[in-house]
Amino acid sequence: MRAQFVLSEIGVGLRRNLTMTIAVVVSVALSLALAGASLLVRDQVNSMKDYWYDKVEVSVYFCAKADHNSPQCAAGAATDDQIQQVKAELDKMTPLVQSATFETPQEAYQHFKESNPDNPLLAAVGADALPASWRIKLSDPTKYDVIQSRFAGKPGVKSVEDQRKILENLFGLLRGLQTAAFVIMALMLCVALLLIVNTVRVSAFSRRRETGIMRLVGASNFYVQMPFIAEAAFSALLGATLASLLLLGGHFFIQGWLAKKVLFIHFIGLSSVLAVIPLLVVVGMAMAGIAAFFTLRKYLKV
């Protein structure tokens, strides 16, 4: 009987404040969708780091004939002895160095042609203009500084470069999007909380006569407040459901279209989205319930 009464009161409250309820549902949905999106962006960044950092290499570039004007290459192109000295030191750096592959200027030129077939520099640049290099695979890509400090400035070495620098710009962009999503989410949560508070206030004011009668017949505070709290939690549940549908729709759009266009990004799977959805439901309902509880303590006094 009590459960039936609470459910009937929820229906009455939703009908009386339909427009405000819709506003609460939409604002909660948008704020939770942004919260879920920011969490998924964080997972995407971590997934991309794990995927790409495992593939990046550190390159030790040697002086070529065309580098005679460079201060590091004033002595001319690197000799075979200088190249082998670097290899000998790399052999001593196991297990940090997983593997080291030597790339000749001709191989570097061929790779450049394959990666940039329409580049106008191909007609003016020959294989002699590109440096030979050791392509080093590290067991721990974060230990790039060890290679940098060991080989930078050695005779015949022009530079030591880490491919992670190329990826950091992309990761920085994604982290910026995550921060922007968090800021907008915080603003939307504030809006949602204000709407929940106002909705509960209006609902409590419109039913002050019923609650007064309930007080007179000895109803407890919990029994009086429960319909209002359940009404707010139900509205938040609808918002969380809508937010979940938005996240799922975004996921299927990314997997069905964007992933086929952007092949160099390893996108997270459906399991990551499904793991976020229960958190959104719990946070949304808890936020609404707590906001309603403290609002009723102030305004539901008969």
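**Exercise 1.** In which sense do strand E1 (residues 58-62) and E3 pair, and over how many bridges?

*Solution.* The structure is a predicted model, in which local features need pLDDT of at least 70, side-chain atom pairs count only at pLDDT 80 or more, and totals for chains, interfaces and linings use all residues. Residues are numbered from 1 along each chain as its sequence is written, and side-chain values use heavy atoms, with hydrogens and water left out.

Step 1. Strands (E, at least two residues) and helices (H or I, at least four) are DSSP runs, numbered from the N terminus; two strands pair if DSSP finds at least two bridges between them.

Step 2. E1 and E3 are antiparallel and share four bridges. Within this pairing, Ser59 has Arg135 of E3 as its bridge partner.

**Exercise 2.** Determine the strand order of the sheet and its edges.

*Solution.* Step 1. E2 also runs antiparallel to E3, with six bridges; Ser99 is partnered by Lys137 of E3, and Ala100 by Ile136.

Step 2. The open sheet has four strands in the order E2-E3-E1-E4, with antiparallel pairing. E2 and strand E4 (157-162) each have a single partner strand and stand at the edges, so one side of each lacks a neighbour in the sheet.

**Exercise 3.** Are the residues of strand E3 buried or exposed?

*Solution.* Step 1. Buried means under 20% relative accessible area, exposed over 50%, and partly exposed in between (1.4 Å probe, protein chains only).

Step 2. Ser133, Arg135 and Lys137 point one way from E3, while Trp134, Ile136 and Leu138 point the other way; all are buried.

Step 3. Because six of the six residues of E3 (residues 133-138) are buried, this strand is largely enclosed by the rest of the structure.
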